[in-house]
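Q: Please take a close look at one part of this model, the interface between its two chains, and describe how the two sides meet.

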Amino acid sequence: MSLQSFQRALSELIASPDLIRATRSDPSQTLRRYDLSERERRRLIAVAGQDGMSVNCALYRANRITPLCSILPLTCFVLGDALKGEVDALCKSYERAELQFKTAIDQFAGILRARIKNGEIENPFLEEVLGFELAVSYLRFLARKAVLKEMGARTFPVGRSALQLHPCIQLVQFRHDPMALLPLVMGFSPPPYRIAKGEFYLVLDGMNAQLEFRSVEQHLGRLLQMVHRGLSSSLRGEEAEYLIETGFVIEKQS
Amino acid sequence: MRVDPFATLPNLGVGLLYNPALPEFLEEELDLCDYVEVIPDTFQTDRGQGRVPRFAELEQETDFLSWLVQRCPIIAHHIGLSIGSAGVFDTEYVSRLEYWRRQCQFLWHSDHLSFAQMKGDDGQNYHSGFAMSIPYDYEVLDMVASRVQEVQRNVPSRFLLENNVYYTDIPQQEMTEQAFLNALSERTDCGLLLDLHNVYTNARNHKFQASEFIEQLNLSRVVEVHIAGGGELAGMYTDSHSGPCPEPVWDLLGRFVSQMPNLRAITFEFHESYFPVLGKEGIRTQLKRAREIWKSAR
C-alpha cells in the first residue's frame, strides 16, 4: 500500500498548487492522510519543495486544457480571458483528469451550458459556437461507415412512423447569422462582432468523408428542430414527406 | 551462450512519430521515412476498464493507419500502459496491444517507464493527468520487471521501455536511472528506447552531463532512439516537442550512434500543434540530418 500511497500523494500534489503550499508549510498535517513510509514522507517533502513542481503543475494543467483546445478551439477562443476561470471550474467539478477527449469535452460542455443557463456567463456567441463545435465533434467521433452500412441494411416500417434526424446529420440553431459568425471565429478575429441577429439553422452533414455545412431556411430549420426534439408526430403528412426528401431525416425503426 | 534478443529485429533507419498533422505530408513524401511510428491509443477511444465494448476505433484515423500499413513498416509507441503504477495493471489494455499488433503488424512496440494510472478509493482506475517518474528502487524494479514479462507473454513482439523526463528529483533512490534501465533490460530482455531529448532535458534541468548518463547505459540494449525539440517553461527546459532538435541532441546522436550495435531506428517526434512552426521543409531537414548520422554509423 505504501508505494501506491506515495504515487497517489505525488499525483495529488501535482494537481493542486494549494496542496503543495500546504505540504511546504505543514508537511506532517498535510501528508497524514497518506499511508507512507518515513522515506516516502521525506521524499514527498523534498519534491514539494523543488522548483520543478511549478513545471509539473503547469504541464498537468496543460494536459487538462489540451482536449478542450483540440476539440473546442473556437469555444476556447470565444471564451477569451474567461477560459481560465472555466477551466478552474472544470478542475473543481471533476478533480480527476480525463484524457479521453470525448469525455473531457462532454464534461466541459456540461459546465458551460449550466453556467450559461444560470446566467453566470454572459457571452452572446458562446452557446451557439459551443453547439456548433459539439455537433462537429459528434460527427468526428461517429463511426460513419458502420452507421451508413447499418442504414443500408435497415428495413423500413410499414405505414407512418416517427421521424428522427439521420445519424450523420446534426442541426445547430444560431441567434446570429452563422455564415457571418463562423468565418470570423474560425479566422480568430476578436469580438465584438456586428452580425445580424435572428433565428438561423445550420445543418452539418457527415454522410461523406468531408463534413459539409448547409445553412437552411427558417421553415425547414424549425421542422428539423421539431424532429430533433422528438415532436415529429405533430408534423403534417406533407411536411414529413418533405423532410424525408431532404435526406436529413429518416423514419425511426420500430 | 545467450541469444541476442534483438538480433532478428530489422534495421529500419529514420522515421517519424505519427501525429494528426502528418497525413498530407506522409501522403506526399512517405519515401522520406523508412518507417512510421504510431501511437495506437490515438486511433481509438477508451471507455474505461470493465466497459463492454471498452475500445472503439476512430474511423478516420484507422482508415489512414490502414493506408500506412500497406505502404511502410510500422512500429508502435503506447502511452497508456502506466507500467510503473503500484496497485494498477490494466490487463485489458495489454490484450488490446495484441489486437493492435495484429492490426498494424508492428515490428516492435514501446511505452514509457513511468506511472500515470491510479486506483481511487472507489476501486476505479483513473488517470492522474501527468506521467511521473517512478522511484528507482528494487521494489519497483521487481514490479516493473514482472509487468514487462506479462506484456511479452501476451504480445509476441519485442517490447521496449523509454527513459523518462522529470522536472522534480526523487531523493534517496536505491539505484540510478541508468542502473535501473540496465537491470530491467537484463532481467526481462526488453529493449531500451533511448530518448535523447529526455536525457538532454534532464541533464540541463538537473545539472549533469548527458554524455556521462549515456555512457553508463548498456548501449547494446538500445533498439530505438527518439529525438525532438523543447522549450522553456517556468524557468526550466521542457520536453515539449515544440520544433527542431537542438544542437546538443544532434551532438549526442552523432557521438553515440555508432556505440549502439542493436540500434534499428531513429525517430523524430514533434507535437502536431507545432507543425506550422516546423513546416514540411523543417521536417525534411530533421529527417535528412538524422539520416546522415544513421548512415555514418552503418
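A: In this predicted model, 18 residue pairs are in polar contact across the interface of chain B and chain A, with both partners at pLDDT 80 or more. On the side of chain B that touches chain A, the elements that give two or more residues are β3 (44-46), α2 (59-69), β7 (114-119), β8 (125-133), α4 (138-154) and β13 (236-238) of chain B. Of these, β8(B) gives the most, with six residues, and by class this side of chain B is made up of 17 nonpolar, 13 polar and 11 charged residues.

Charged groups also meet across the boundary, where the rule finds seven salt bridges between chain B and chain A. One of the salt bridges joins the side chains of K145(A) and D63(B), with nitrogen and oxygen 2.8 Å apart.

As for the extent of the interface, 41 residues of chain B are in contact with 35 residues of chain A. The size of an interface is often given as the accessible area lost when the parts come together, and for chain B and chain A the buried area is about 3,500 Å², with 55% of it on carbon and sulfur atoms. Within chain B, the residues that lose the most area to chain A are E59(B), F130(B) and T168(B), which together account for 17% of what that side buries.

Note on methods:
Residues numbered from 1 in each chain as written. Chains lettered and ligands numbered in written order. Predicted model: local features only at pLDDT ≥ 70, side-chain atom pairs only at ≥ 80, totals over all residues. Heavy atoms only, no water. Contact = heavy atoms within 4.5 Å. Buried area = accessible area lost by both parts, 1.4 Å probe. Salt bridge = Lys/Arg side-chain N within 4 Å of Asp/Glu carboxyl O. Polar contact = N/O pair within 3.5 Å; in protein donor to acceptor, adjacent residues only side chain to side chain. Helix = DSSP H or I, 4+ residues; strand = E, 2+ residues; numbered from the N terminus. Nonpolar A, V, L, I, M, F, W, Y, C, P; charged D, E, K, R; others polar.
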